[in-house]
Amino acid sequence: MVSSARQAIACVLLIFIVAVGSQSQVTPAKNDTAGVSGKVTRKNKGVPGIVVAARDPNSGYGRSNYRATTDQSGNYRISNMAPGTYQIVPISPGWISENELFQKSLVIEDGDNVENVNFSLVRGGVITGKITDADGKPVVEEPVFVQPIGGVYAVTTTAMLGGIMTDDRGIYRAFALRPGKYQVSVGQADNQLLGGSRVFRQTFYPSVTDSAKATLIEVTDQGEVSDIDITLGRPKTGFKVTGKIVDSETGKPVANVRYGIHLGNESGGGSTSSGASSNANGEFKFERVMPGKYSVFILPDQNTEVRADWVPFEVTDHDISGLVVKTVRAASVFGVVVFEGVEDPSAIAKLGNLYVTAMGDRLEARFQGSSFVRIGPDGSFKLTGLSPGVANFGLTSRTFDGTTKQLALVRVERDGMSQPNGITIKDAEQITGVRLVIKSLTGSIRGQVKVEDGELTENARMSIWLKVLDDTPSSPRGVNINSSPQIDSRGRFVIEGVAGGTYEINIAVFEPSRFDTSRIFKQQVTVADNAVTEVTVSIKLKP
Amino acid sequence: MMKALSFNILAILLLTSSHAFAQVVSTSQTTNQTTRTKTGSITGTVVIENGQPLRNALIYVRTFSSARPAQSAMTDSEGKFELNGLEPSTYQIFARHSVYTLLPRDEGTANNYHIGDSVKLVMVKGGVITGTVTMQTGEPVIGVRVRAAAVSTNENVQERFTDDRGVYRLYGLPSGKYVVWAGGGGGAYSGGAYDNDVPTYAPASPRDTAAEIDVRAGDETTNVDIRYRGEPGRIVSGTVNSSISGISGVLVTLTPADGGSQVVGVPPGERQGFVLYGVDDGEYTLTARSLQQSGELAISPPKRISVRGADVTGVELSLKPLGSVSGQVVLEELKTKECGMREPLMLTETLVSAWHKQDEAAKAQPKFVWGLGAPANADAQGNLILQNLAPGNYYFVTRFVAQSWYLQSISIPSASAQEPKKTVDATRVWTTVKIGDRISGLKITLAEGAASLSGQIELAEGEALAEKLFIYLVPAEKESADEVLRFYAAPVDSEGKITLKNLAPGRYWLLGRPAIEGGLTKLRLPDETDSRAKLRREAEAGKTEIELKPCQNVTDYRLKLSGQ
């Protein structure tokens with residue numbers, strides 16, 4: 001598995017894609033000749049007018065102009081496709097796939113024409129009703145949870161369209177539900193209460209708070225179940241929590257520090273931050289906090305150069321005031337990012353938007369986020385707000401032109417010495433002379449999974465990941481962090497942006513109907529820089 | 001659950017990071033003032049039309065120069081809210097509720113508040129537009145995005161998806177005229193089935209023949225059905241170039257000549273591509289904008305494109321920095337003690353805005369560009385900077401809170417190369433801002449000793465108050481004939497009461513007459529010398545003169561209209 005720091009970086013990347021709605025793909029070039037075709041059916045009859053798209057799984061929201069609409073017989077053909085890894089999926093909000101796997105992964109080579117990528121759809125059923133409060137007034141814009149029971153959870157169409165929510169009359173309508181049994185609920189479970197504008201206690205149809213007493217709703221294809229109404233109790237109001245952020249040395253208030261609240265302890269739970277900052281008097285506040293054990297924390301910030309230990313508190317049955325968060329001067333790291341073996345600093349300038357992050361080894365760091373800062377044109381950076389402990393560095397890029405994403409941090413040096421185990425940091429320390437040595441990831445793996453004893457069922461799914469096999473286990477070398485390799489329905493996979501070295505390919509086979517039987521197959525592979533390594537992985541399904 | 005929550009924090013960090021840049025600029029200003037000034041609150045209540053309190057309305061305030069709310073609160077069961085810990089500044093107040101909408105402001109009342117204010121906000125149940133989207137065959141169009149835009153502002157106000165019956169429902173709409181459309185407008189976030197189509201406006205057409213739907217607050221407009229055209233839209237694509245370093249994300253906006261807009265995000269880099277899908281035939285303006293690390297914006301000069309039955313590709317947009325004007329608010333205190341108790345003027349509550357000249361050149365820019373140059377408050381030392389000004393001609397408007405002060409003069413260094421050290425009267429000459437200009441030396445002088453005038457219109461027998469009656473003050477001294485800042489105007493209320501405040505001492509002619517077109521705003525434009533001269537002739541003929549001494553508060557003034 002990838003390290004947690006990497007995961008955090010991957011999150012940053014993913015979120016940024018969402019934030020800017022990145023477009024990784026421009027109009028298809030005319031000379032691309034690959035294509036995908038198939039048929040969309042309902043009860044073995046073709047369905048016309050369904051849009052089928054080929055999405056790039058690495059481009060966040062997966063906007064794609066590779067799309068086609070089914071003809072009168074339900075046939076579609078997507079053409080002029082560039083080689084690459086795609087997910088083929090019908091975009092048909094009024095329909096749901098008959099089985100659980102909706103999208104199909106495909107590795108497409110130059111000029112490839114993949115046929116019979118077929119989809120079987122059903123209309124599904126409808127559940128509708130009205131949500132009212134204790135005074136009989138409609139509850140407006142309240143999320144309604146329509147949960148399939150006794151089956152594998154699948155994203156419903158309404159969920160894709162922004163979730164099921166009541167309108168201004170308190171009415172909700174969930175459609176394209178795969179036939180089966182459903183539980184309908186409104187409100188939040190007690191252990192998930194972090195507060196909000198209005199918190200209702202989790203209430204199930206027919207207006208019961210005990211899930212064991214909930215009535216399940218049977219949905220049939222094209223059936224409509226109406227009057228699934230729920231009356232809620234009084235909303236919970238929660239309690240107000242206030243306090244102050246002060247400088248531990250001077251006792252003076254610290255303004256403009258962003259803070260958050262964490263429910264649980266440092267090894268588990270959930271955190272949230274409204275993005276609010278302490279005011280001029282250093283004050284912070286949380287409204288409507290439900291009973292529970294919490295901590296206040298401050299978010300690392302490049303402007304304030306301070307950090308603080310978590311301050312725990314418990315909410316029982318009253319407001320809490322007078323909490324004091326004491327800031328200390330945090331450590332700073334001054335350094336530079338350089339390419340391995342390249343003296344010319346302009347190589348770094350060409351990378352554009354490259355960010356350096358430092359992840360502390362404290363458990364809290366997982367919840368409060370890590371410091372990150374953009375490097376200067378000469379590769380230099382200054383990271384502040386770091387927690388004491390062992391810091392591991394990471395890189396993240398906001399450029400998606402296919403070059404900078406394939407970078408790896410090869411080595412962290414301090415004053416010319418390699419620091420394979422990270423750098424130990426104390427509060428207020430000014431650490432200088434750090435060099436982050438990076439290299440481009442130029443190796444790639446192209447593979448084929450062969451099932452030796454039979455065929456995978458229609459619903460079987462395979463996942464793949466690489467494990468670094470190396471003499472120095474802490475070596476950060478590895479796979480490009482943007483890539484989440486996929487195995488397609490023909491058993492093919494491509495992993496790009498791999499550093500030269502020896503890896504273990506891991507392939508797991510899942511079948512939704514038998515989750516307990518996940519099987520993992522391993523194979524060693526040696527990848528060279530600037531080369532494509534071909535590999536065949538043979539698997540046996542029978543023990 | 002756990003992971004999702006910790007992701008949220010990162011999301012917030014990233015989403016607010018653009019504002020964080022802006023924040024850096026203001027931090028140095030605020031730290032200075034926090035050492036001298038105390039924070040305060042703005043409180044209030046929100047009620048619905050029948051006077052009943054409205055709970056769960058989100059109230060927030062924002063200074064003009066920040067995109068981030070300074071403070072927010074939800075109303076309680078009594079409709080009350082309290083926004084605490086606010087630093088002295090000028091705030092705009094906003095209220096949001098999913099079903100209710102704020103009553104539009106009375107004409108002439110500005111959305112600005114200061115700490116200590118108590119505010120009563122009235123919200124009314126918004127209007128509803130509902131209907132069904134169907135294919136040509138009569139089949140429902142399921143999961144298509146339906147959007148509404150206000151005709152008056154061209155701004156998109158709401159969007160919802162159709163359900164399995166093709167039914168959509170848009171609610172909480174302020175009163176006004178709307179156009180409603182389904183599909184099209186693919187760009188950021190969208191990967192939907194209908195985003196690549198041309199938009200279909202209700203009832204079944206492109207924008208130019210769309211039905212305008214009249215929505216009244218509280219009313220439900222039903223059967224606003226859309227017969228979906230289902231034709232593929234065109235693609236508009238190109239690149240954004242920038243020689244500016246430290247760009248943090250680019251947005252490209254496609255603004256149709258006849259309303260609505262389509263926005264797409266572009267990943268940052270030196271040269272990056274953008275694609276907009278589902279574009280209908282028509283005339284458009286393309287504009288790219290981006291935040292720089294300094295907190296200032298860069299935009300591309302507007303590019304006109306024409307979509308005619310084919311994709312438009314290879315459009316090149318080049319980011320250029322916007323201009324800024326910086327300067328100082330200077331206080332001129334009275335030396336004498338004739339005014340008695342001194343009323344301090346809070347510099348940080350002084351708000352200055354740059355208004356652009358609404359000429360032909362201004363129309364070349366999409367409307368939103370003019371909104372980028374937000375007003376700015378002075379800091380505790382009186383320094384201020386007006387950023388993000390698009391190329392154009394500007395004049396300056398100053399607002400402040402303190403009865404005994406008046407706006408005396410606004411000057412700016414001459415732009416003429418021959419006279420670099422000379423200053424000019426910025427109230428009588430437009431200030432020209434070009435791409436990337438950094439103009440400094442704006443000087444706004446506020447003087448102590450303002451006079452005020454209040455009283456009553458005295459009607460002759462059988463005389464009735466005219467509609468939209470205004471009272472005008474025009475400088476009577478010959479040498480002050482075109483002193484722009486000495487022209488004042490105020491509406492006469494329904495009972496004939498008049499109130500004029502913050503007046504410069506001096507001799508004036510008073511004139512009561514129906515509001516002149518364009519109001520005081522027009523009267524104070526640099527190039528309206530003729531309008532001012534005309535009003536002055538009219539006032540002079542009326543022969544009603546008054547002399548206002550420093551700090552003089554004239555009350556119970558009786559103005560006869562019949563003689564005029």
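The questions and answers below go through some features of a predicted model.

Me: Why is A:Ala176 called buried?

Reply: The cut-off for a buried residue is 20 or more other C-beta atoms within 10 Å, and A:Ala176 has 26 of them, so it is buried. This residue is placed in strand E13 (residues 171-177) of chain A.

Me: What makes the phi of A:Lys43 and the phi of A:Ala176 worth a remark?

Reply: Most residues other than glycine have a negative phi. A:Lys43, although it is not a glycine, has a positive phi of about 50°, and A:Ala176, also a residue other than glycine, has a positive phi near 55°.

Me: How do you know that the peptide bond between A:Tyr205 and A:Pro206 is cis?

Reply: The angle omega tells us, for it is about 0° in the cis peptide bond that joins A:Tyr205 and A:Pro206. A:Pro206 has its place in the loop between strand E15 (203-204) and strand E16 (217-219) of chain A. Chain B has a cis peptide bond from B:Ala202 to B:Pro203, where omega is near 0°, and B:Pro203 lies in the loop between strand E13 (200-201) and strand E14 (213-215) of that chain. Most peptide bonds, by contrast, are trans.

Me: What makes strand E25 and strand E33 of chain B a pair?

Reply: Two strands pair if at least two bridges are found between them. Strand E25 (residues 323-332) and strand E33 (residues 438-448) of chain B are joined in the parallel sense over 8 bridges, and they therefore meet that condition. In E33(B), B:Ala447 is the bridge partner of B:Glu332.

Me: Why are strand E28 and strand E31 of chain B called edge strands?

Reply: The open sheet to which they belong has 5 strands in the order E28-E25-E33-E30-E31 (chain B), and its pairing is mixed. Strand E28 (383-389) and strand E31 (423-425) are its edge strands, since each pairs on one side only. From one strand to the next, the twist averages 30°.

Me: Which are the edge strands of the open sheet of 4 strands in chain B?

Reply: This sheet, again with mixed pairing, has the order E4-E1-E7-E6 (chain B). Its edge strands are strand E4 (80-86) and strand E6 (100-102), each of which pairs on one side only. Within the sheet, strand E1 (residues 40-48) and strand E7 (residues 118-125) of chain B pair in the parallel sense over 6 bridges, and the bridge partner of B:Val46 in E7(B) is B:Leu121.

Terms used:
Residues numbered from 1 in each chain as written. Chains lettered and ligands numbered in written order. Predicted model: local features only at pLDDT ≥ 70, side-chain atom pairs only at ≥ 80, totals over all residues. Helix = DSSP H or I, 4+ residues; strand = E, 2+ residues; numbered from the N terminus. Axes fitted to C-alpha atoms, helices over the stretch in contact; angles between N-to-C directions. Buried ≥ 20, exposed ≤ 12 C-beta atoms within 10 Å, placed from the backbone.
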